[in-house]
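Please look over the sequence and the structure shown here before reading on.

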Amino acid sequence: MAESDPHPQSSPVEPVSPPAPATAPVDAEWHRMSPRFVFVGTLRQLRGLVIPAAIILITGNVGRGGSELILIGIAVVFTVLAALGSLIEWWNFRYALTDRELVVRSGIVQRQERVVPYGRIQAINVSEAPLERVAGIVRVTVETAAGGTADIDIRAIAQDKAPQLREALAAARAQARQADNGIAEDATGAASTVATETPSATTGGELLRRLSTPELLALGATSGRVGPMAAVVGATLQFGAEIMPESWWDRIPWQQAEALQSVGVVASLLFVIAALTWLLAIGSTALAFGGFELRRDGDHLLLQHGLLDRKRRTIPVARIQAIVVGEQLLRQPFRRADIRFESAGGEAEGAAGDSGVLFPFLPRAEVRALLGQAAPEFATDPTVPMSTRLPRRSLRRYVFGATVGWVVFVGIAAAVLGLWLHRWVDVVTWQQVLLLLMATPLFAWLGWARWRDGGWVVENGTLLLRWRSVSRQTLITRASRIQRREMTADPLQRRVSLASVQLSVASGLVGGHYGLAHADRHDTERLLAMLGGPRHEVVIHKVPATVEPS
Amino acid sequence: MATNTFDAGEAGTSRVIEVPERLPDPLHQLDPRARQLWRLGSAISGAMFVGIVALGTFGAARFLPDFEMRWAWLASGITLALAILNAWLSPNLRYRYWRYDIRPDEADLQHGWFTRTRQLVPMARIQHVDTRRGPLDRRFGLASVVLYTAAGPAYIPALANEVAADVRDRIATFANIHDDL
């Protein structure tokens with residue numbers, strides 16, 4: 001691997017002068033990790049071989065003529081390889097602190113050069129494992145808000161040099177932040193791994209809203225848990241029939257069971273199943289969301305819910321990136337909504353960030369007021385009309401998409417059940433298929449509803465984006481919270497000047513992505529431009545002359 | 001096809017203009033060597049794919065009584081033809097539709113010959129920047145740039161080494177503003 005390296009390094013001394021291309025920062029000094037990394041790295045790589053080696057030693061026929069020599073030979077080869085690998089890794093890993101950013105070069109096969117502007121540093125951590133402690137080195141990791149793990153990992157710094165490096169980075173970060181917006185308090189430098197007091201989520205803070213018992217019951221009765229519960233009930237009945245003792249079967253008066261074929265009995269059976277399912281749904285919802293409380297304690301929101309297993313959650317208000325107000329199909333006529341949040345984990349909490357339910361059930365009219373208390377940045381009436389709607393010509397696509405999806409699903413299900421699984425499942429009749437296909441207009445309606453609801457409005461930097469899957473959803477976020485704006489258009493969309501838009505906010509490891517398909521292309525462009533604010537004109541920058549004419 | 005323009009222009013000297021009604025296409029193209037790089041990449045992956053198909057079909061022809069040899073020839077032949085077509089055409093198309101701009105306010109990327117994608121990444125949201133050079137990239141003196149935001153990365157592939165370094169440095173400069181997400 002290393003031998004194929006076409007870019008030999010230039011200088012053996014540390015710090016190293018930047019090699020070949022002009023990719024190096026101008027007046028930076030390149031540093032390598034502590035050479036003791038080679039020792040620790042070798043041991044680490046060999047550690048993975050200890051167990052296989054032990055297995056070979058125990059199970060293998062050691063002791064028979066000369067096999068020890070072979071084993072020792074293999075061990076030596078592995079050690080040499082591990083040492084060589086660590087040496088190359090050490091050799092290829094370099095970092096530099098320029099006047100504005102931290103630069104790290106690494107990689108053997110894939111060369112990587114990573115630039116972290118000081119102002120972007122979120123956390124600087126120094127850690128040491130036992131092996132490192134013995135070798136007198138520490139590991140320094142630097143985190144930014146991108147992703148959840150360490151973005152820069154300097155695995156071996158001499159113990160006495162680590163504080164120096166950390167101070168330098170912290171100072172540089174403080175300076176970068178101060179130079180910018182003067183957020184001085186936040187940038188007191190030494191605060192590299194600040195652990196701000198996180199309030200314990202018990203009963204502290206001001207109670208913003210509590211889920212009442214009627215609300216809890218209504219939540220359960222209209223919840224999407226009905227689907228999964230139906231599956232549970234169905235499976236139980238099926239399973240119950242399977243495990244029923246033979247003698248019970250014999251006791252069933254089969255003559256009367258013929259009546260099962262009659263519509264009345266089937267209908268009442270279905271009714272019982274439905275009622276049972278519904279009760280189960282209410283019950284499981286009550287278990288999960290019972291006693292739901294939303295509190296605010298200064299900069300944090302405290303959530304707790306659950307009857308048996310009490311779940312508690314703390315969310316820093318400033319880390320909330322977006323709010324999604326949902327109106328389930330069954331709740332929409334009653335003007336009830338739920339509120340969810342997208343949060344980028346806290347700097348101090350070290351959490352990767354996540355999303356979840358902020359409040360599960362409340363009158364739509366109260367959403368704005370509750371957000372005003374809980375997340376004022378997003379306090380908007382979620383029912384405001386969308387200023388930009390989907391164009392007439394995309395209706396066809398929505399209806400077609402929803403209905404074709406259903407017909408294909410029924411077709412495949414019928415084919416699978418009827419052709420392949422008929423040995424285990426009763427034969428699917430064409431009446432049943434027809435019955436299912438009769439639901440097609442329902443899906444056509446869903447497509448139409450999706451088209452009707454889709455749209456967005458931007459006002460004073462607040463964006464509301466509305467769409468429907470089955471339930472109607474309204475995203476509320478700030479233009480300044482949007483990490484990436486994207487539009488795509490396939491050839492069919494381009495033909496009629498349509499485009500799909502996708503907006504990403506920070507959340508978890510991969511972010512939260514929200515979008516709307518088949519919007520007018522110009523509307524989409526306008527939205528993308530508007531969310532960017534005033535635009536800088538394009539500067540054509542110098543590009544080396546092309547080698548060949550295109 | 002439009003060639004690259006070589007006007008001088010220092011980073012950070014641009015004027016701020018009004019919020020536009022339309023999004024003009026980005027202007028910068030990738031390095032022309034991108035086509036060779038992608039062609040080589042497609043050729044390698046295509047060859048592997050053809051190999052797998054050939055192994056599967058000829059294996060089937062050898063061991064399954066019903067499976068005639070000519071089907072194996074047909075399947076492998078079609079796969080080979082498609083792989084060649086792909087390696088021949090798609091790099092040109094990809095290159096032709098790839099455009100990018102690095103403005104002081106945001107990175108503007110546009111690509112895709114079938115589904116065309118436009119990505120706008122505000123500089124204030126970029127957390128860090130990478131340049132990457134894999135073994136194939138290095139053969140052609142190319143590098144790709146990766147922009148990391150808190151909602152995932154965006155890529156600019158196949159730039160000349162020096163251009164990639166320049167793009168990366170400019171992004172790092174523009175992005176060096178503290179911002180709480």
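In helix α13(A), the buried residues are A:T440, A:L446, A:G447, A:A449, A:W451 and A:D453, where buried means under 20% relative accessible area, exposed over 50% and partly exposed in between, with a 1.4 Å probe and protein chains only. The helix covers residues 440-453 of chain A, and its 14 residues reach 20 Å from the first C-alpha to the last, close to the 20 Å expected at 1.5 Å a residue; the expected span is 1.5 Å times one less than the number of residues. Helices (H or I, at least four residues) and strands (E, at least two) are DSSP runs, numbered from the N terminus.

This is a predicted model, in which local features need pLDDT of at least 70 and side-chain atom pairs count only at pLDDT 80 or more, whereas totals for chains, interfaces and linings use all residues. Residues are numbered from 1 along each chain as its sequence is written, chains are lettered from A and ligands numbered from 1 in the order in which they are written, and side-chain values use heavy atoms, with hydrogens and water left out.

Chain A contains 15 helices and 22 strands, and buried residues make up 41% of its 550 residues. Of the contacts in chain A with a separation of 6 or more, 58% are between residues 24 or more positions apart, a contact being heavy atoms within 4.5 Å.

An open sheet of seven strands draws on both chains, in the order β1(A)-β2(A)-β3(A)-β4(A)-β5(B)-β6(B)-β7(B), with antiparallel pairing; two strands pair if DSSP finds at least two bridges between them. At the edges stand β1 (30-32) of chain A and β7 (152-160) of chain B, each with a single partner strand, so one side of each is left without a neighbour in the sheet. From one strand to the next the twist averages 20°, with axes taken as lines fitted to C-alpha atoms, for helices over the stretch in contact, and angles running from 0 to 180 degrees between N-to-C directions.

Helix α1 (residues 33-63) of chain B packs on this sheet, touching β6 (142-149) and β7 of chain B, and its direction makes about 110° with that of β7(B). Helix α4 (residues 161-175) of chain B lies across β3 and β4 of chain A as well as β5 (128-133), β6 and β7 of chain B, at about 145° to β7(B). The buried residues of α1(B), among them B:W38, B:V50 and B:A61, pack against α2 (69-97), α3 (135-139), β6 and β7 of chain B.

Strand β3 (residues 106-111) of chain B is mostly covered, since five of its six residues are buried. A hairpin through three residues joins β2(B) to β3(B), while the hairpin of β3(B) and β4(B) has four residues between the strands, and B:G112 there takes a positive phi near 105°.

Confidence in chain B averages a pLDDT of 85, with 86% of the residues scoring at least 70; pLDDT is the predictor's confidence in each residue, from 0 to 100. Over residues 1-12 of chain B pLDDT stays under 50, and the model has 29 contacts beyond four places in sequence for them. Where pLDDT is low, the predicted coordinates should not be read in detail.
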